[in-house]
Amino acid sequence: MRIVLLGAPGSGKGTQCKVIVERYGLLHLSSGDILRQERSAGSELGKKAQSYMDSGALVPDQLIIEMMTKAIKNAPSSGFILDGFPRTVKQAEELDKTLAKAKKIIDIVLNLEVDDKIVEGRITGRRSCPKCGAVYHIKNLKPKKEGICDKDGTKLVQRPDDTIEVVANRLKTYHQQTEPLVDYYKKAGIVVDIAADKDIEDIKTFMFQKLDEIN
Ligand code: AP5
């Protein structure tokens, strides 16, 4: 199964991807996580991406397309879920071309819909584990011990782009450049709209139902 997860920053893409990959044995390909790994490693790509990410702008298409095409080509036959890619129509067109060469298509697009006001609270309250990537929230999804990862005891951190100012820019970027993708995929008839203002568990149940129908 090949899935695209669409949604604004903080709509819950990363949170829901974790449970989807566990249930369906898919590869989780998060463009944001890959970029953050490149930055930690101090690679050329990481250095080039840094200023765009910190300001809430998109990293140029050419860099992202190359990075994600490579990751997709190495994905297992069970499939993958794309989180944060594509983010522009150009990226979606290039993704389609890459898949077409392998006689494959995107099977379903899960579109997480949530109001900008809710996003601000979710993002500024997010904390994550720099070691294992587990994601928490200071109110909605608290770790057992405040500020410490349940899984490996590491001190939780806040992403540098999770400030109120950068979130505003990330949302603007989303509405201008990524939201048009909903129509792009609606033309292919593969979009499932999901009310992402609900509880994490309710969203998960609804998504599993839709994915079971096509699996
Ligand atoms: P990326 O890392 O992809 O960030 P994003 O899209 O802004 O998404 P987030 O990770 O912020 O949110 P999410 O939807 O995963 O929410 P989460 O589940 O964590 O991209 C970062 C940057 O990299 C971009 O700005 C750009 O510069 C660059 N980039 C990446 N991909 C690119 C591309 N393709 N092209 C160009 N540039 C690219 O949830 C958020 C919080 O809310 C958590 O604390 C969680 O616990 C909580 N939460 C989740 N769901 C719920 C719920 N239902 N109810 C209550 N709380 C909830």
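I begin with the lining of the second largest pocket, whose residues divide into seven nonpolar, three polar and seven charged. In this classification Ala, Val, Leu, Ile, Met, Phe, Trp, Tyr, Cys and Pro are nonpolar, Asp, Glu, Lys and Arg are charged, and the others, Gly among them, are polar.

The model is predicted: local features need pLDDT of at least 70, side-chain atom pairs count only at pLDDT 80 or more, and totals for chains, interfaces and linings use all residues. Residues are numbered from 1 along each chain as its sequence is written, and side-chain values use heavy atoms, with hydrogens and water left out.

Which element gives the most to the lining of this second largest pocket? That element is α1, with five residues. Helices (H or I, at least four residues) and strands (E, at least two) are DSSP runs, numbered from the N terminus.

I turn now to the ligand.

An N or O atom in the side chain of R126 is 2.6 Å from an oxygen atom of the ligand. For N140, a side-chain N or O atom is 3.0 Å from a ligand nitrogen atom. Lastly, a backbone N or O atom of V59 lies 3.0 Å from a nitrogen atom of the ligand.

Technical notes: Polar contact = N/O pair within 3.5 Å; in protein donor to acceptor, adjacent residues only side chain to side chain.
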